[in-house]
Amino acid sequence: MPDTILRTHELHKAFGALRASEGISITLKQGEIHAIIGPNGAGKSTLIAQICGALRPDSGRVEFLGRDVTALPTEARARMGLARTFQTSALAMEQTVLQNALLGALGASGRPWRFFSRVSADQALRDIAESALHEAGLLDFAQTRTAELSHGQRRQLEVAVALTLRPRAFVMDEPMAGLGAEGSKRLTGFLDRLQDRAPILLVEHDMDAVFALADRISVLVYGRVIATGTVDEIRADPRVREAYLGDEA
Amino acid sequence: MSRERLLNALLLAGLVVVPGWALWADEPFTITLATRAVIFALAAVGLNIALGMGGLVSLGHAVFFGIGGYAMGVLASHAQSYTPLYDGLFTLEGTKAMPVIWLVAAAASALAAWLIGLLSLRTSGVYFIMITLAFGQMAYFFAISWPAYGGEDGLSIYVRNGFPGLNTLDPIQFYGICLAWLCLALWGHARLRRSPFGLALDAARQVPARVQAVGLDPKRLYLVALVISGAVTGLSGALFADLNRFVSPSMLSWQMSGEIMVFVIIGGVARLFGPVVGAVFYVALEHWLGGVSDYWQIILGVVLLAVVLFGRGGLIGLVCGKERPDA
Ligand SMILES: Nc1ncnc2c1ncn2[C@@H]1O[C@H](COP(=O)(O)OP(=O)(O)OP(=O)(O)O)[C@@H](O)[C@H]1O
Ligand SMILES: [Mg+2]
């Protein structure tokens, strides 16, 4: 098995005159958490959109599991096991928590063309959905309408749905966004445990979480990766301090 | 039993009791009105699958209604004039048998829905509405300029088509056929909502990006929903033509599309029995107020306005409140 699960090669993407990605080459290796940090508008979500298939790069390649997936649509990449979470929760708010998880399991099963059987009676799907909810600590809320969840619980559900996809890699866009200290801590613990399941490409603003979780960090500024390294290397890098961390580190 | 289920059961009971009473009291016209309401409800169940489950605001459902109607008209007119539809390598005869007509009506509408969906689902929002409307207008003017089948004047059928073992000329028996179809469609819709497909479609309506992220293509889900929806509405068109023993381009008009949508909205979008409530309400209003004044549609407009402004769940929403998700 190749050690590198996910790789981008020289990704370029411009919105008019704005160059959101300028030759981004990063890798995600088996077993690691690779954090991407950078100021607002640096192009982190744009990078994720290209990796997951929502945006086509102007040039460059995305490789997943050793295959060039640049031309594949989002859903095909997801079926290969690329599991993403969104910066702003993208959940079916009118459905229950369990239904959201079932949807993930259903997508991964590749068998949505069943019109008469009850989806909730499909034990195989249910097992996957419920075990993901259990891991995310949401099993008690299985029958709750998603709109009634707290913000923190929605962030956890995002991750739980990703878990139902038999993931080979996680791609998470600011999973801690909007969480308080308590919520961040809980989610940090959860992600730490997930790392054994599949490597995580983690875009995150919460520096405590990043320093606690990441094996490697890449710093993205104005569409360019200005540094990649271990936590200590990045903390010590003067360019990074100047461009992004300021006095914080 | 939840309030909505109770209401649904009462409605079904009403659809049996009222025509039953009319039969006993020898009021055949009431039976005809009920038949009309039930057929409209069936058309609206079709739309409710696309609109309620998939969020597809189609202003072109008259296309399917009309195709169903013309499927009946074309087949039956050839049968009554003893001229084959096609006489070449093989011979294709018309027919007066309802089951065959239904099959052709549903299949032709499904095919039309697939073609329309392939093109219209490239767009969304107001453009989708406009494209479906445009297809409706195309079908309408095509029918008007098609002299072989009556053109603007439409097509009359002398005797209602037959169903093995039943006397379809008897109003109550024909009503029974229509009610059976409505019940079957409602049952199918209820199953669909809880099915794997229904779950995926419901999510695709709410958050397409989520559906893609779990490996499904929302456009394909919408397309299949539109095909099912078109087939159901097409079937109702065949029944409607049989009720009137007449089919004309007006079945394809955009007003017809609007009426089907009004049934769904007044009753309650995405509510299982919304189409039934809407269609019964509409037919009742048309009958009672239509006799009093030609401007009965003003009242309809006021009700529609009230429902849209105050009760997003339609009349059912006003009575039963918000719907709860069932896992
Ligand atoms: N579809 C788009 N069209 C035009 N400009 C865009 C588009 N998407 C993003 N941008 C711009 O590209 C730049 C990068 O945006 P992006 O969302 O990738 O940043 P980000 O690093 O994720 O920021 P944040 O930390 O605020 O989430 C921003 O200036 C943004 O305004
Ligand atoms: Mg972002």
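## The mixed sheet of chain A

Let's begin with an open sheet in chain A, built from six strands in the order β7-β8-β9-β4-β10-β11 with mixed pairing. Its edges are β7 (82-85) and β11 of chain A, and each of these pairs on one side only. On average, neighbouring strands of this sheet are turned by 15 degrees against each other, ignoring direction. Please keep in mind that the model you are looking at is a predicted one.

## A hairpin in chain A

Strand β1 (residues 4-15) of chain A pairs with strand β2 (residues 18-24) of chain A in the antiparallel sense, over five bridges. Lys13(A) stands opposite Ser21(A) of β2(A). Two residues lie between the strands of this hairpin, and Gly16(A) there takes a positive phi near 60 degrees.

## Two loop residues with positive phi

Most residues other than glycine have a negative phi. Arg166(A) has a phi near 50 degrees and lies in the loop between α5 (151-163) and β8 (169-173) of chain A. With a relative accessible area of 57%, Arg166(A) is above the 50% cut-off and so counts as exposed.

Tyr222(A) has a positive phi too, near 45 degrees. You will find Tyr222(A) in the loop between β10 (216-221) and β11 (224-229) of chain A. Its relative accessible area is 68%, so Tyr222(A) is also exposed.

## Domains and nonpolar cores

Chain A is divided into domain 1 (1-81 + 168-249) and domain 2 (87-166). The C-alpha centres of these two domains lie 25 Å apart. Their contact takes 19 residues from domain 1 and 13 residues from domain 2 of chain A.

The largest nonpolar core has 143 residues, and those with the most contacts inside it are Leu133(A), Leu157(A), Phe170(A), Leu191(A), Leu194(A) and Leu182(B). Helix α2 (residues 28-53) of chain B gives the most to this core, with 17 residues. From chain A, the core draws at least three residues from each of domain 1 and domain 2. Beyond its neighbours within four places in sequence, Leu133(A) is in contact with several residues, including Val97(A), Leu98(A), Leu157(A) and Ala160(A). Another core, of 23 residues, lies apart from the largest one; Leu11(A), Leu28(A), Ile51(A) and Leu72(A) are among its members.

## Helices α3 and α4 of chain B

In chain B, the axes of helix α3 (residues 61-80) and helix α4 (residues 98-120) come within 8 Å and cross at roughly 140 degrees. The crossing of α3(B) and α4(B) is right-handed. Among the residues making the contact are Phe64(B), Ile67(B) and Gly68(B) of α3(B), together with Val104(B), Ala105(B) and Ala108(B) of α4(B).

Helix α3 of chain B also holds His61(B). Is this histidine buried or exposed? His61(B) is buried, because its relative accessible area is 0%, which falls under the 20% cut-off. Not counting residues up to four places away in sequence, His61(B) touches Gly46(B), Leu47(B), Ala50(B), Leu226(B), Ser229(B), Gly230(B), Thr233(B), Ser257(B) and Ile260(B).

How values were computed: Residues numbered from 1 in each chain as written. Chains lettered and ligands numbered in written order. Predicted model: local features only at pLDDT ≥ 70, side-chain atom pairs only at ≥ 80, totals over all residues. Heavy atoms only, no water. Pairing = 2+ DSSP bridges. Helix = DSSP H or I, 4+ residues; strand = E, 2+ residues; numbered from the N terminus. Core = buried A, V, L, I, M, F, W, Y, C linked by side-chain atoms within 4.5 Å. Buried < 20%, exposed > 50% of the residue type's maximum accessible area, 1.4 Å probe, protein only. Domains from an automatic or database assignment. Contact = heavy atoms within 4.5 Å. Axes fitted to C-alpha atoms, helices over the stretch in contact; angles between N-to-C directions. Left-handed = near helix turned anticlockwise from the far one by under 90°.
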